[in-house]
Amino acid sequence: MINFDYVKPSTQKAAIDALNKDASSQFIAGGTNLVDLMKRGVVSPEKLIDITNLPLKNIEQQKGFIRIGALALNSDVAEHELITKKLPLLSQALKAGASPQLRNMATVGGNMMQRTRCTYFYDLTMPCNKRQPGSGCGAIKGYNRMHAIFGASDKCIAVHPSDMCVALTALDATVVISSSKGDRRIPFADFHRLPGNNPEKDNNLQRGEMITAIEVPDNDVFTKNSLYVKIRDRASYAFALVSVAAALDIKGNTIVNARLAMGGVAHKPWRLTAAENFLKGKTISLENFKQAATIAMKDAKAYEHNNFKLRLAPNTIVETLKKVSGIT
Ligand SMILES: Cc1cc2nc3c(=O)[nH]c(=O)nc-3n(C[C@H](O)[C@H](O)[C@H](O)COP(=O)(O)OP(=O)(O)OC[C@H]3O[C@@H](n4cnc5c(N)ncnc54)[C@H](O)[C@@H]3O)c2cc1C
Ligand code: SF4
């Protein structure tokens, strides 16, 4: 364990100032990921800025969207009446993650920023371009069962581990980011990055910035028919092999609009835009769902040990769509 300083500011400005002042400082929220990374020596910040005193825990209805503070706990968000009633997909995804104890500590901002669970990233004896740029990738020719089938590069094939983020991608959320320059907003789907040549960068948050809230459109048409399905090795306390977040706007037997995203398959939550477009205006049928899954899998590429995802992923899409639309 390394020595580090610890501060706990009570205003957003003081926290951001502290981050700007010290190049080796880092925010800490619930600590459920960062402390593990520090214990294993994957990261070694010299100063931790504990942001849990900041007033960023509210979950509130605003005009046209629900605003969730970045420090709201995963458990509080999952159980909040506004979320269970209006955004059940988000509640389900949160409850599918980690364990009740972890969800009681983990925050929304921390969940978005959590690092990959690629075992080579955590193993200091192995090469990893994400941990140490230029060192190579242990997973490409290693044991890559949990790894990506979409959007990977020859530098990194890791996946983003969050469940919550898959639902937020499907729900067209917006990320509110604050810095000493003011606030900016980016679509949730643009927050996380593909690895490309810079797998050390997980997302587009810049140095000196803090996630302060998530805004999720309060879109009633997607509330009724939505579902998060997570396939994993154990029923709890395990990361997704593949997950699907689906929401359909259905009138009669017709799909007016569709929202689909996958987890466990890419370096970022993977939105299935082409499959969504295909489903628009189609009738509810197994044939259409199978075709949507085929379209979704168009650019998939497997590695030695994750070939099974090429079948698991489309099957999960089809099963989720069947359940959402009520066909057996
Ligand atoms: C055993 C285990 C199983 C798990 N299983 C799952 C699972 O199945 N599904 C799942 O989705 N997750 C799972 N998790 C991950 C868990 O959800 C994350 O560890 C948690 O969400 C991180 O939140 P935190 O508040 O504890 O973040 P911290 O550990 O405090 O911080 C993580 C990172 O976020 C940064 N950060 C935190 N808040 C902000 C902010 N507001 N602005 C900018 N940067 C910020 C920190 O600087 C740090 O880099 C699991 C974790 C463990 C340990
Ligand atoms: S897949 Fe990415 S995180 Fe895993 S070893 Fe390769 S570079 Fe590192």
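1. In this predicted model, helix 11 bears the exposed residues Glu287 and Thr294 on the face that is turned away from its buried side. The buried residues of helix 11, which spans residues 286-296, are Asn288, Phe289, Ala292, Ala293 and Ala296. Viewed down the helix axis, these buried residues lie within an arc of 140 degrees, and they therefore line one face of helix 11.

2. As for what lies over that buried face, the elements covering the buried residues of helix 11 include strand 11 (254-263), helix 10 (273-279) and helix 12 (309-325).

3. The largest nonpolar core comprises 37 residues, and Ile68, Val77, Leu90, Met112, Val175 and Ile214 are those with the most contacts inside it. At least two residues of this core come from each of a series of elements, among them strand 5 (65-69), helix 3 (74-79), helix 5 (88-95), strand 6 (174-179) and strand 8 (210-217), while helix 9 provides the largest share, with 6 residues.

4. Leu90 deserves a separate remark: when its neighbours within four places in sequence are set aside, Leu90 is in contact with Ile68, Val77, Ile83, Met164, Ala167, Leu168 and Leu171.

5. Strand 9 pairs with strand 10 (residues 242-251) in the antiparallel sense, over 7 bridges, and Ser226 is found opposite Ala247 of strand 10.

Key. Residues are numbered from 1 along each chain as its sequence is written. Chains are lettered from A and ligands numbered from 1 in the order in which they are written. This is a predicted model: local features need pLDDT of at least 70, side-chain atom pairs count only at pLDDT 80 or more; totals for chains, interfaces and linings use all residues. Side-chain values use heavy atoms; hydrogens and water are left out. Two strands pair if DSSP finds at least two bridges between them. Helices (H or I, at least four residues) and strands (E, at least two) are DSSP runs, numbered from the N terminus. A nonpolar core is a set of buried Ala, Val, Leu, Ile, Met, Phe, Trp, Tyr and Cys residues joined through side-chain atoms within 4.5 Å. Buried means under 20% relative accessible area, exposed over 50%, partly exposed in between (1.4 Å probe, protein chains only). Contact means heavy atoms within 4.5 Å. The arc is that of the directions from the helix axis to the C-beta atoms.
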